[in-house]
Amino acid sequence: MDVESKSGRSFVRARAALVAGSLGLLLAVGGCGASGDSMDSGAKAADGKAAPREGFADGDGGAAASAPEEQADGKAAGKKAAPKPGGTHVIRTATLSVEVKSVPKAVAAARGAAEGAGGLVASENTERLDDTYETSHLVLRVPQERFQEVLRELAGSGKLLSRTSNAKDVTDQVVDVDSRISTQRASVARVRELMDQAEKISDVVALEGELSSRQSDLESLLAQQASLKDRTSLATITLDLTPPDTPGDDGSKDEDPGFLDALGGGWDAFVTMLRWIAVAFGAAFPFLLTAALAVVVWRVLWKRKASRGAAPAVTTAPAGKDGASAS
């Protein structure tokens, strides 16, 4: 009896354990299936709402789905735009004023120095004040590595009157522009992908406007990048060339004038006086000629009048009684 009761109890326990294990297994399988279905439905809902375009999805689901994408793109762009070690970008400028004996020769030498260093003459302005006096203003662009060499050569071409030099570090600006370009390119590509997935005309129109705006910003950034690259790769030198105050001056301009200088000055004054006299006579000649003709005509008329008044009168003698004329 005891044996049968013990065997019955053990059978009941084994059956209970089997039932409990089966229930646990069914619950685990059911939970996995439910979580899988919920994940699939959530993914389908996110795809259905985020498909039209970024920032224009219906409801909160699309905006929430686009935010992580932008954060991920921003992180990726930040990683791509990390500055390279040792990359320094500097804008160098200099201004020189040099007094030279011959401006044309100095201009040719400056042009040769710039072109020989691999640079160019950006602009040249030469002004002639008279037959012997002229000045020149040049803007030279030379590579950064030859900047100091060309600067020393230009400063030694004559008497240095003034010199200024400036260096500006724009490394942070260059890195910032490069980073913004990477981010903007990723943004443009993302908008294009959304345009490919858009089905409504209103979404397509809105995305086209957004794409145009982002492409305009990208082109502006690219222009800034090109300008920075040009100014950091080529230094700018502004050169002013002027002759001495008196062309051909050898230092004798402070000496007192001598006899020859006084003679030359007197001769110049005499010639100038004769020239002014000739000019005055030429200006008065028509009036003098008219006055002379008037005097000649007046004298002729006066003489004729005088001759008429002085002519003798003709008289006849009275006849005598015998009819003979008196002798």
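**View 1. Val205 in helix H6 of the predicted model.** Val205 is found in helix H6, which comprises residues 201-233. The model shown in this and the following views is a predicted one. Val205 is exposed, with a relative accessible area of 52%; the cut-off for this class is over 50%. Met195 lies 10 residues from Val205 along the chain, and the C-alpha atoms of Val205 and Met195 are separated by 9.2 Å.

**View 2. Strand E3 and its two pairing strands.** Strand E3 spans residues 134-143, and nine of its 10 residues are buried, so the strand is largely enclosed by the rest of the structure. Strand E2 (residues 120-128) pairs with E3 in the antiparallel sense, over eight bridges. Five residues lie between E2 and E3, and the two strands form a hairpin. Within this pairing, Asn125 has His137 of E3 as its bridge partner. E3 also pairs with strand E5 (residues 234-242), again in the antiparallel sense and over eight bridges. Here the bridge partner of Val142 is Ala235 in E5. In a regular strand, side chains alternate between the two faces of the sheet.

View 3. Glu134 has its place in strand E3. Its relative accessibility is 9%, so Glu134 counts as buried, the limit for that class being under 20%. The side chains of Glu134 and Arg128 make a polar contact at 3.0 Å. When residues up to four places away in sequence are not counted, Glu134 touches Val103, Pro104, Thr126, Glu127, Arg128, Leu129 and Pro243.

**View 4. The aromatic pair Trp267 and Phe270 in helix H7.** The count of aromatic pairs comes to two. In one of them, the ring centres of Trp267 and Phe270 are 5.9 Å apart and the ring planes stand at 40°, so the pair is tilted. The two residues are three residues apart in helix H7 (residues 259-309), and about one helical turn therefore separates Trp267 from Phe270. An α-helix has 3.6 residues a turn, so residues three or four places apart point the same way. Trp267 is exposed, with a relative accessible area of 53%, whereas Phe270 is partly exposed, at 38%.

**View 5. The aromatic pair Phe281 and Phe285.** Phe281 and Phe285 form a tilted aromatic pair, with 5.9 Å from centre to centre and 55° between the planes. In helix H7, Phe281 and Phe285 are four residues apart, so about one helical turn separates them. Phe281 is partly exposed, with a relative accessible area of 49%. Phe285 is likewise partly exposed, and its relative accessible area is 41%.

**View 6. Span and bend of helix H7.** Helix H7 has 51 residues, and the distance from its first C-alpha to its last is 69 Å. This span is close to the 75 Å expected at 1.5 Å a residue. At Ala284 the helix bends by about 45°. A proline, Pro286, follows within four residues of the bend.

Terms used: Residues numbered from 1 in each chain as written. Predicted model: local features only at pLDDT ≥ 70, side-chain atom pairs only at ≥ 80, totals over all residues. Heavy atoms only, no water. Buried < 20%, exposed > 50% of the residue type's maximum accessible area, 1.4 Å probe, protein only. Pairing = 2+ DSSP bridges. Phe/Tyr/Trp six-rings, centres within 6.5 Å; stacked < 30°, edge-to-face > 60°. Expected span 1.5 Å × (residues − 1). Bend = angle between axes of the 7 residues up to and from the residue. Polar contact = N/O pair within 3.5 Å; in protein donor to acceptor, adjacent residues only side chain to side chain. Contact = heavy atoms within 4.5 Å.
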